[in-house]
Amino acid sequence: KKLPQVASSSKNAQIWAQRKVEQLSQAQLCDMLISVHPKQLFEDEVFVPFEAFEATGTLPKNLVATEWWQRVVEMPKEVLDYLRCRLEYAAAWLRELAVPIKGQRTRPVREHLLEQTDLARLCGGFLPVLQLPKGGFHRVGEVKQCLLSLGLLGDATGANCLRCLKAISTTCQDVSLYVALYQRLEQHLDTLEPEELAELKTLVFVPGHGMQTSGACAWSDSALMQLAEVPALCAHYERHGPGMEKCFTRILEHSDFRFDATQLLCALRRMVLRVNEGESAVPMCDGLDGMVEMVSEIYRLMSLHLKDQPSEVTLFRRSFGTERLLLLRLPGYPMPKRLRAEEAFWQLEPDLQKVESLQALALQQRFDEDLKPFFLAVGVHQEMTRPVLRQLLQRPQEVMSMMRWSGLNVGDVEDLGMLQTSSNFRPPDWHADDSADESTDAGTTTEGGGLEPDFQPPRHAGGPRPPPAIRSSEELERLEREEHQRRAEREQRQQRHRERQQRIGEQGYFASAG
């Protein structure tokens with residue numbers, strides 16, 4: 001890649017200048033230009049490639065060095081005119097050259113500030129500032145035009161404020177500085193190009209979160225925002241005046257925040273975690289108050305999101321299938337329930353609807369009909385049948401890690417009284433007395449809506465142990481005494497074994513010593 005040429009009035013001068021360029025490839029650009037007499041500067045013939053200086057690393061440092069520009073100012077006018085022409089021609093790549101700053105850190109030429117400007121006063125503590133050379137007003141003005149053509153940040157225009165905002169985004173955490181830049185940007189939003197507006201939407205500073213996109217934050221705050229961990233800008237910028245809300249409203253371009261799938265799933269997980277840690281389920285509420293309404297709102301937003309983004313159904317099915325994200329609060333139950341999609345159902349088959357504890361789990365009883373397509377899409381059963389329910393109950397019972405929640409269990413099939421008296425749940429070696437009700441042992445269905453004997457839990461190895469029958473206090477005391485006696489006998493045997501091993505060891509030691 002070549003730049004326009006330096007010319008002279010004779011062939012010998014051209015050859016001399018070319019050789020001089022090649023020999024002085026390590027020299028400064030200003031020194032190279034001085035070797036050509038000002039009277040011999042014309043528009044074309046001798047090429048002056050800037051790439052040679054870029055490889056040495058001297059050119060980037062010189063372009064932002066006050067001393068280098070001071071020497072240019074002291075040169076004849078023709079040198080400055082030539083330099084301005086060449087810099088403007090190569091500005092597109094010269095402004096991207098990396099300048100070493102404080103060790104191995106670098107900043108491109110375009111991220112330097114010109115002194116005595118609004119941006120220099122604002123961001124001088126985070127970006128390097130170039131001092132203008134001293135000299136005549138006209139010559140210094142021409143140097144300033146050269147520096148502006150290189151992309152140095154001068155006046156606080158909309159484009160310059162945007163570039164400055166991007167330049168400090170990785171190092172600055174000063175909210176007041178961002179406030180000042182956003183206030184100036186708000187005055188010049190109409191002057192930004194479409195691509196600049198798109199870039200601005202990725203540069204929303206949220207204290208504690210760093211730079212966020214416009215879709216990851218909102219101006220106002222709410223309980224759902226806190227559950228979804230969506231930062232609210234009003235908490236940080238509202239105190240700086242009403243202009244900040246106007247600015248961010250235009251940047252965010254939405255009055256009602258639109259949650260994405262990840263944020264809505266995060267809200268459900270956060271609610272589970274809050275209850276597990278003993279906090280209120282919903283921020284700004286007490287205990288489990290507001291949980292039913294909040295869960296319904298989250299599922300409604302998920303349903304709307306799924307209509308707009310059908311491809312997200314895979315994410316929802318995987319999340320609801322592997323995690324217990326169907327949250328229910330049932331009247332009369334001390335703990336709310338968490339279910340997987342395979343454990344939940346929209347309605348019961350007709351012959352199971354008499355079981356009130358199961359009927360209470362039907363989503364049809366808890367949510368609007370409009371949510372039915374969403375629940376079915378994430379894997380919820382449209383109708384719970386006896387075979388499916390039997391299969392679910394025959395699985396080994398999980399140890400719930402969230403002890404403040406409960407899942408689908410045998411208690412949802414029959415009440416506690418039936419579990420204690422029905423032969424379906426008695427130990428295999430239990431025998432009733434002569435006055436026991438034979439109909440109960442036969443496992444018949446009771447009038448209270450109990451289930452048939454095919455719902456008894458498995459008795460094969462690896463299955464859950466059935467709850468024991470009720471025992472009297474005398475029997476419990478007898479069992480405790482027997483357990484204590486067995487423990488004492490076991491300890492005695494272990495003690496005798498240790499003594500025997502010790503005697504054997506001592507005999508072996510004395511035999512070897514003899």
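Guide: Welcome! In what follows, buried means under 20% relative accessible area, exposed means over 50%, and partly exposed is anything in between. Please keep in mind that this is a predicted model.

Visitor: How many salt bridges does the structure hold?

Guide: A pair is included when a side-chain nitrogen of Lys or Arg comes within 4 Å of a carboxyl oxygen of Asp or Glu. Counted that way, the salt bridges in the structure number 17.

Visitor: Which residue forms a salt bridge with lysine 166, and in which helix does that partner lie?

Guide: The closest N and O atoms of the pair are 3.1 Å apart, and the partner of lysine 166 is glutamate 199. Lysine 166 belongs to helix H10 (residues 158–168) and glutamate 199 to another element, so their bridge ties together parts that are 33 residues apart in sequence. The partner is therefore glutamate 199, in helix H12 (residues 194–200).

Visitor: Is lysine 166 buried, partly exposed or exposed?

Guide: Its relative accessibility is 46%. The limits for the middle class are 20% and 50%, so lysine 166 counts as partly exposed.

Visitor: Where do arginine 300 and glutamate 297 both lie?

Guide: Their side chains meet in a salt bridge at 2.6 Å, N to O. Arginine 300 is partly exposed at 36%, and glutamate 297 is partly exposed at 28%. The two are three residues apart, about one turn of the helix, and that helix is H17 (residues 291–308).

Visitor: How many residues apart in sequence are the parts tied together by arginine 386 and aspartate 351?

Guide: The side chains of arginine 386 and aspartate 351 meet in a salt bridge of 2.9 Å, N to O. Arginine 386 sits in helix H21 (residues 386–393), while aspartate 351 sits in the loop between strand S11 (345–348) and helix H19 (356–359), so the parts they tie together are separated in sequence by 35 residues.

Visitor: What is the relative accessible area of lysine 337?

Guide: Lysine 337 is found in strand S10 (residues 337–339). Among the residues it touches are Leu326, Leu361, Trp405 and Asp412. Lysine 337 is classed as buried, with a relative accessible area of 2%.

Visitor: How far apart in space are glycine 379 and alanine 344, C-alpha to C-alpha?

Guide: Glycine 379 is in the loop between helix H20 (372–377) and strand S12 (381–384), and its contacts include Arg317, Ala341 and Glu342. Glycine 379 and alanine 344 are 35 residues apart in sequence, while in space their C-alpha atoms are separated by 8.6 Å.

Visitor: Which residues gather in a patch of positive charge on the surface?

Guide: One of them is arginine 503, placed in helix H24 (residues 473–513). Arginine 503 counts as partly exposed at 46% relative accessibility. The patch is formed by Arg490, Arg493, Arg496, Arg500 and Arg503.

Conventions:
Residues numbered from 1 in each chain as written. Predicted model: local features only at pLDDT ≥ 70, side-chain atom pairs only at ≥ 80, totals over all residues. Heavy atoms only, no water. Helix = DSSP H or I, 4+ residues; strand = E, 2+ residues; numbered from the N terminus. Contact = heavy atoms within 4.5 Å. Buried < 20%, exposed > 50% of the residue type's maximum accessible area, 1.4 Å probe, protein only. Patch = residues over 30% accessible without salt bridge, like charges linked within 9 Å, V, L, I, M, F, W, Y side chains within 5 Å. Areas by Shrake-Rupley, 256 points an atom, 1.4 Å probe, with all protein chains shown as cover. Lys, Arg positive; Asp, Glu negative; His and termini not counted. Charge placed at Lys NZ, Arg CZ, Asp CG, Glu CD. Lists of a residue's contacts leave out its neighbours within four places in sequence.
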